[in-house]
Amino acid sequence: MAEIFGIVAGAVGIPAAFTACVDCFEYVQFGRHFGRDYQTDLLALNCSRIRLTRWGQAVNIMTDPKMGMPDATSEQIQTVKDTLYQILVLFADSAKISQQYTTGEDLSVLSSDSMDPTFVALNNKMRELAIKRQKRSNILKITRWALYRKSEFKNLIEGISSLIDNIEKIFPAPQAQVTLVRQEATELHDQEALELVQSAAEGVDSLLQNAAKEALSGHRYLNVSVKGKALTGNAVSSDWHGKAVVTSHTYDGVVVDGKALIGNKYGGKDFWDD
């Protein structure tokens, strides 16, 4: 893990530190002691990674030195940098603990072969979303390490969540984050996947947990008046492939004078095409 400590000690910029943080999630493995918990714990870790990348995209961390706040102070910017370094330290510390286990113990690790296909597909999708937001190649070339005890995982995930809390408070971007998290829920679009994410995100990513819950419960349309043409909620098309979450919607006080699509529709002719 010398590479991680080198980044922590070195004079790298925020984009590089952010990319290194996202990279580190890729190198964490789980020992066989986790058993069936491996599936949900890996999913929780991916929830944490996607939360970090969501914030990064919301504040344009890769291209905007002020992270969406033109009046940001040098102290605030340095705090974000220090916080990202602390996330790297958490990963480095977990790797050091891993190296302390002796060869006499069961150091075998779990793999995707030990997972249900639903979990494999879901983790792959979340990994894909996170990597897409990174917008630059990996900068770390390190050896994978394993977590062998539940307490080690708990310390890592709670520490990362607390640190992400801090940077979200310093450089908030709530509107952009809500837009992005709804896109994530749409990408998952499978009822079982959304239920798994809703459970795994508890205590890790409240935005994703709420978005999954909303996607499962449907939308509420109250006192909506449409004149002309309007599209509110769902749609997709061009041309959609895959499953769709069948949810119920609540309509109360909806008045349409013209044409409106209010909830659902996935494939077929685009709503705006006549």
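## Burial and overall make-up

A residue is called buried when its relative accessible area is under 20%. The model described here is predicted. By that criterion, 43% of the 274 residues of the protein count as buried.

The secondary structure consists of nine helices and six strands. Among contacts with a separation of 6 or more, 85% are made by residues 24 or more positions apart.

## Helix H9

Helix H9 spans residues 206-217 and has twelve residues. The distance from its first C-alpha to its last is 16 Å, close to the 16 Å expected at 1.5 Å a residue.

Four names make up the buried set of H9: Leu-208, Ala-211, Ala-212 and Leu-216. These residues lie on the same side of H9 because they cover an arc of only 135° around the axis. Their packing partners are helix H3 (37-58), H5, H7 and helix H8 (191-200).

## The pairing of H5 and H7

Two of those partners also pack against each other: helix H5 (residues 117-134) and helix H7 (residues 174-188). The angle between them is about 145°, and their axes are 11 Å apart. The crossing of H5 past H7 is right-handed.

On the H5 side, the residues in contact are Leu-122, Lys-125, Met-126, Leu-129 and Arg-133. They meet Leu-180, Glu-184, Glu-187 and Leu-188 of H7. Sorted by class, this contact comprises five nonpolar and four charged residues, with no polar ones.

How values were computed: Residues numbered from 1 in each chain as written. Predicted model: local features only at pLDDT ≥ 70, side-chain atom pairs only at ≥ 80, totals over all residues. Heavy atoms only, no water. Axes fitted to C-alpha atoms, helices over the stretch in contact; angles between N-to-C directions. Helix = DSSP H or I, 4+ residues; strand = E, 2+ residues; numbered from the N terminus. Left-handed = near helix turned anticlockwise from the far one by under 90°. Contact = heavy atoms within 4.5 Å. Nonpolar A, V, L, I, M, F, W, Y, C, P; charged D, E, K, R; others polar. Expected span 1.5 Å × (residues − 1). Buried < 20%, exposed > 50% of the residue type's maximum accessible area, 1.4 Å probe, protein only. Arc of directions from axis to C-beta.
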